[in-house]
Amino acid sequence: MFVVLLKFSDNKSQASEYMGAHNQWIKQGFDDGIFILVGSLQPGLGGSVIAHNISLEDLQTRVNADPFVAENVVSAEILEIDPKKADERLSFLLGQ
């Protein structure tokens, strides 16, 4: 499982130009069964993604394809989590 932090860069003002393509990138992540949660970093710092069912290498490739990353609207940091315990509702995240 991974947490992806997408922190705004100095090019934050260009976000609106790439928002449509960024939202399509997010939709594709959900459609592919990779993204399980996406949200904003508060207060207005950027965004975050929780991803699973993917290797680190493949996730890095996917993140680099995000128009926000490609156009330096955000910088990306990927944190890998090896889950050991989870609420029953999140048990699908264990043992991956």
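At 16% relative accessibility, S48 is buried (buried is under 20% relative accessible area, exposed is over 50%, and partly exposed is in between, with a 1.4 Å probe and protein chains only). S48 sits in strand 3. Strands here are DSSP runs of E with at least two residues, helices are runs of H or I with at least four residues, and both are numbered from the N terminus.

S48 is in contact with V4, L5, L37, V38, G39 and L41, leaving aside neighbours within four places in sequence. Contact means heavy atoms within 4.5 Å. The C-alpha atoms of S48 and F8 are separated by 11 Å, and these residues are 40 apart along the chain.

## Basis of the model

This is a predicted model, in which local features need pLDDT of at least 70 and side-chain atom pairs count only at pLDDT 80 or more, while totals for chains, interfaces and linings use all residues. Residues are numbered from 1 along each chain as its sequence is written, and side-chain values use heavy atoms, with hydrogens and water left out.

In soluble globular proteins, nonpolar side chains tend to be buried together. The largest nonpolar core here has 19 residues, and V4, L6, W25, V49, L59 and V63 touch the most other members. Strand 1 (2-8), helix 1 (15-31), strand 3, helix 2, helix 3 and strand 4 each give two or more residues to this core. Helix 1 gives the most, with four residues. A nonpolar core is a set of buried Ala, Val, Leu, Ile, Met, Phe, Trp, Tyr and Cys residues joined through side-chain atoms within 4.5 Å.

V63 is in contact with V4, W25, V69, A76 and I78, again leaving aside neighbours within four places in sequence.

## Backbone exceptions in loops

Most residues other than glycine have a negative phi, and most peptide bonds are trans. A cis peptide bond joins Q42 and P43, with omega about -5 degrees. P43 lies in the loop between strand 2 (35-41) and strand 3 (46-51).

N53 has a positive phi, near 60 degrees. N53 is in the loop between strand 3 and helix 2 (56-64). N72 also has a positive phi, about 60 degrees, and is not a glycine. The loop of N72 runs between helix 3 (67-70) and strand 4 (74-80). N72 is partly exposed, with a relative accessible area of 41%.
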